[in-house]
Amino acid sequence: MLKQLTILFWCAIYGEVFGYIISALNGAPFNFVTSGLIPMIAGWILINFVSMFLKAPNAREEDKK
């Protein structure tokens with residue numbers, strides 16, 4: 001759970017920074033809700049999708065005995 005909250009936090013921060021830079025370069029109005037929300041959703045989907053394929057390392061045979 002803490003890993004997912006950390007991912008959401010950093011996705012929001014990076015989304016705000018990139019959104020501001022892109023809007024400044026294009027001359028478009030900056031929308032902070034959209035700039036933070038879209039990267040948070042994408043990051044949440046990505047971290048949950050990747051975690052399905054990653055497995056914890058197996059315990060060594062000596063530790064099992």
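Tutor: Let us start with a term: helices, of at least four residues, and strands, of at least two, are DSSP runs, numbered from the N terminus. With that in hand, the elements of this protein chain run α-α-α from the N terminus on, and please keep in mind that the model is predicted.

Student: How many helices and strands does the protein chain have?

Tutor: The protein chain has 3 helices and 0 strands. Of its 65 residues, 14% count as buried, and the protein chain exposes about 5700 Å², with carbon and sulfur atoms supplying 73% of that area.

Student: Which residues does the "transmembrane region" annotation cover?

Tutor: According to the unreviewed UniProt entry, that annotation covers residues 7–25 and 37–56. In the model, the chain over residues 7–25 is 100% helix and 0% strand, with the end C-alpha atoms 27 Å apart.

Student: And how far does helix α1 reach from its first C-alpha to its last?

Tutor: Helix α1 takes in residues 2–26, which makes 25 residues, and reaches 36 Å, close to the 36 Å expected at 1.5 Å a residue. Just after α1, Gly-27 takes a positive phi of about 75°.

Student: Which residues of α1 are buried, and what do they pack against?

Tutor: The buried residues of α1 are Cys-11, Ala-12, Gly-15, Gly-19 and Ser-23, and they pack against α2, which covers residues 32–53.

Student: Let me look from the other side, then. Is Ser-35 buried or exposed?

Tutor: Ser-35, which has its place in helix α2, counts as buried because its relative accessible area is 14%, and the cut-off for buried is under 20%. Not counting residues up to four places away in sequence, Ser-35 touches Gly-15, Glu-16, Gly-19 and Phe-30. Two of the names there, Gly-15 and Gly-19, are also among the buried residues of α1.

Student: What does the side chain of Ser-35 reach?

Tutor: The side chain of Ser-35 reaches the backbone oxygen of Asn-31, at 2.9 Å.

Student: Back to α1 for a moment. What is Ile-7 in contact with?

Tutor: Ile-7 lies in helix α1 and, leaving aside neighbours within four places in sequence, is in contact with Gly-43 and Ile-47. Ile-7 and Leu-46 are 39 residues apart in sequence, while their C-alpha atoms are 9.8 Å apart in space. Ile-7 counts as partly exposed, because its relative accessibility is 26%.

Student: New topic, aromatics. How many aromatic pairs are there?

Tutor: The structure holds 4 aromatic pairs. One of them is formed by Tyr-14 and Phe-18, and this pair is stacked, at 6.2 Å centre to centre with 20° between the planes. Both residues lie in helix α1, 4 residues apart, which is about one turn of the helix. Tyr-14 counts as partly exposed, at 47% relative accessibility.

Student: And where do Tyr-20 and Phe-30 lie?

Tutor: Tyr-20 and Phe-30 form an edge-to-face pair, at 5.7 Å centre to centre with 85° between the planes. This pair links distant parts of the chain, with Tyr-20 in helix α1 and Phe-30 in the loop between α1 and α2, 10 residues apart. Tyr-20 is exposed, with a relative accessible area of 52%, whereas Phe-30 is partly exposed, at 35%.

Student: Which residues do ring pairs link into a cluster?

Tutor: Ring pairs link Phe-9, Trp-10, Tyr-14 and Phe-18 into a cluster.

Methods. Residues numbered from 1 in each chain as written. Predicted model: local features only at pLDDT ≥ 70, side-chain atom pairs only at ≥ 80, totals over all residues. Heavy atoms only, no water. UniProt positions renumbered as here; feature names shortened; annotations may be inferred. Expected span 1.5 Å × (residues − 1). Buried < 20%, exposed > 50% of the residue type's maximum accessible area, 1.4 Å probe, protein only. Contact = heavy atoms within 4.5 Å. Polar contact = N/O pair within 3.5 Å; in protein donor to acceptor, adjacent residues only side chain to side chain. Phe/Tyr/Trp six-rings, centres within 6.5 Å; stacked < 30°, edge-to-face > 60°. Areas by Shrake-Rupley, 256 points an atom, 1.4 Å probe, with all protein chains shown as cover.
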